[in-house]
Amino acid sequence: MNTQAQTITFTTENGTTTEPTTTETTITEPKTSDKTLFEQKEASVRSYCRNFPTVFTKAQSATLTDEEGREYIDFLAGAGVMNYGHNNPVIKKAVMDYMLEDGIVQGLDLYTTAKYDFMDTLYKVILEPRGMDYKVTFPGPTGTNAVETALKIARLKTGRQNVIAFTNAFHGMTQGSLALTGNKSKREGAGMPLSGVTRMPFEGYMGEDFDTAAYMDKILGDASGGVDAPAAIIVETIQAEGGLNVATTKWLQDLAKVAKKHGALFIIDDIQVGCGRTGTFFSFEEAGITPDIICLSKSIGGMGLPMSLLLLAPELDVLKPGQHNGTFRGNNLAFVAAKAALDLWQDAEFEKEIKAKSAIVRSYLKSLIKDFPKAGAHLRGRGMLLGISFDDAKIASKISEAAFKRGLVIETSGAEDQVLKLLPPLTITERELVKGLAILKAAMLDVLDPHTTKTTAKKTVRIAKPANDDMVTKTTTITTTKKTTNSDEVIRMAIPTYQAAQQSQELTEHLF
Ligand SMILES: Cc1ncc(COP(=O)(O)O)c(C=O)c1O
């Protein structure tokens, strides 16, 4: 085991420093927990567990604990499901109280008090203050259910079949959503042609000087442009899975105009970047646009409970009763959790804190990138969805792997997994954020620092093998190769404090 104590001082951009904080990160040997059952019996399609191969047991705030008691800072947040933190005490209490009172748990779209309370809060806390006039529908528990339903509505309403989606888009894994998705490997999983979609270049895809909204306008307006009139244009304001590609306010406004001009519905897929991820509840608020349909899922379920919803312009309420149906279109536990989560938005401080934290992370990542001038690293993202993209795509995965060994769960995204993607809970504590960022730097040093040395170690580990109910403990000897970093390569962080970030107009201005 190689433990490093790292002294961390926060340094603001105006040079103020705060009390040093000491944190420890550790490179551990391979896990001793037995994953044989998963590896032998769970189908090969399992995915995230391959990158983070331990058996997790508990979670609180932004900290995951595995069955050996090892803690990990969570910069993955259930792929955007845990915006309000793991087992957020307020949300958990609401759910537990509801269960203790024998509240309805089934998932049909019956009228229930839980659903009433959620809808009431959605309108009063989120939609009405923003002057948003929408109907709501609950299409099923996952994000892809929302996207599929949006497609149905767009096609029914317009009588058109074609839908425009973008390069690097990700909208889910069912047939219709997959047709919208760009990723080759994911598309191949369909095993049949994916149709009804025209692909257009996302902003910046053709280079900075190419106006892709103008290109679309031209092609759609040309009787020989070769693109069937679209029922809808569907877009993510930040392509989270696609590599943290950020659409500008101007481009989103132009896109909304193109959609309107050509009779297409404008659909925003806010499944990953809504619910506060960018600093405001909806990711497009700054753009001042009014999408025809908004898809929400992931963190709308409050504490990771499955739920999705669509917000529809009133005239789009075209599905006949039961025309889109399902057993889990009213997850009452999720309604209870979601209501408690939305209540957090009543306090204006909540939004301010997200902005302050994102300013800290942005500033920190900028300084990290400066520390590795030869790494070909670039800052990506917006709000609390930030990351680093690497010219050499392999580096991001290596850092993710090194970070996991030190106790940080962080994933990669992009066509070649070239982007390290930071997606911590919005409610992450300062202590957790500091530790996660420190580990990230240590992991970058592991992978990128030329002074890093390789050593070989022999270690005896206990392997616990569950055989039915009998736990057998074996002792075996393994040889591992690990990397160590000199202790004088201590991480001194150049990030502003929360307080400084909150006060720093400069920081908040370039973020929002
Ligand atoms: C933008 C976007 N849309 C849709 C989905 C699909 O959601 P789900 O995995 O819950 O079906 C995702 C999932 O990552 C997403 O990021």
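**Entry 1**

I began with Ile293, which touches Ala150, Ile153, Leu265, Ile267, Leu310, Leu311, Leu312 and Leu316, leaving aside residues up to four places away in sequence. By contact I mean that the C-beta atoms of two residues, placed from the backbone, lie within 7 Å. I note that this is a predicted model, in which local features need pLDDT of at least 70 and side-chain atom pairs count only at pLDDT 80 or more, while totals for chains, interfaces and linings use all residues. Residues are numbered from 1 along each chain as its sequence is written.

I then looked up the largest nonpolar core, which has 127 residues; Ile267, Ile293, Ala337 and Leu408 touch the most other members. Helix α14 (residues 430–448) gives the most to this core, with 11 residues. The core draws at least three residues from each of domain 1 (2–74 + 356–511) and domain 2 (134–321). The domain bounds come from an automatic or database domain assignment. A nonpolar core is a set of buried Ala, Val, Leu, Ile, Met, Phe, Trp, Tyr and Cys residues joined through C-beta atoms within 7 Å. A residue is buried if 20 or more other C-beta atoms lie within 10 Å of its own, exposed if 12 or fewer, and partly exposed in between, with C-beta atoms placed from the backbone.

**Entry 1: Strand β14**

I turned to strand β14 (residues 309–312), where Leu309 and Leu311 point one way, Leu310 and Leu312 point the other way, and all are buried. Helices (H or I, at least four residues) and strands (E, at least two) are DSSP runs, numbered from the N terminus. In a regular strand the side chains alternate between the two faces of the sheet.

I located Leu310 in β14 as the bridge partner of Cys295, and Lys135 opposite Leu312.

**Entry 2: Strand β16**

I next examined strand β16 (residues 385–390), of which 6 of 6 residues are buried. Leu385, Gly387 and Ser389 lie on one side and Leu386, Ile388 and Phe390 on the other, so that both faces are covered.

Strand β15 (residues 377–382) pairs with β16 in the antiparallel sense over 6 bridges, and Arg382 stands opposite Leu385. These two strands form a hairpin with 2 residues between them, and Gly383 in the turn has a positive phi of about 60 degrees. Strand β19 (residues 419–422) runs antiparallel to β16 and is joined to it by 4 bridges; there Leu386 stands opposite Leu422.

**Entry 3: An open sheet**

I traced 4 strands that form an open sheet in the order β3-β4-β5-β17, with mixed pairing. β3 (56–60) and β17 (408–409) stand at the edges with a single partner strand each, so one side of each is left without a neighbour in the sheet.

β3 and β4 are antiparallel over 4 bridges, and the partner of Ala59 in β4 is Leu64. The hairpin of β3 and β4 has 2 residues between the strands, and Ser61 takes a positive phi near 55 degrees. Strand β4 (residues 63–66) also pairs with strand β5 (residues 71–74), in the antiparallel sense over 3 bridges; Leu64 stands opposite Tyr72 in β5.

**Entry 4: The ligand and Thr144**

Which residues come nearest to the ligand? Of the 15 residues around it, they are Thr142, Gly143, Thr144, Gly172 and Gln272. A residue is counted as near if its C-beta atom, placed from the backbone, lies within 6 Å of the molecule. The shell divides into 5 nonpolar, 7 polar and 3 charged residues. Ala, Val, Leu, Ile, Met, Phe, Trp, Tyr, Cys and Pro count as nonpolar, Asp, Glu, Lys and Arg as charged, and the others, Gly among them, as polar. Helix α6 (residues 143–158) gives the most to this shell, with 3 residues.

I found Thr144 in helix α6. Is Thr144 buried or exposed? Thr144 is buried, because 24 other C-beta atoms lie within 10 Å. Thr144 touches Gly172, Met173, Thr174 and Ser177, not counting residues up to four places away in sequence. Thr144 and Thr174 are 30 residues apart in sequence, and their C-alpha atoms are 6.5 Å apart in space.

**Entry 5: The whole chain**

Buried residues make up 46% of its 512 residues.

Key. Pairing = 2+ DSSP bridges.
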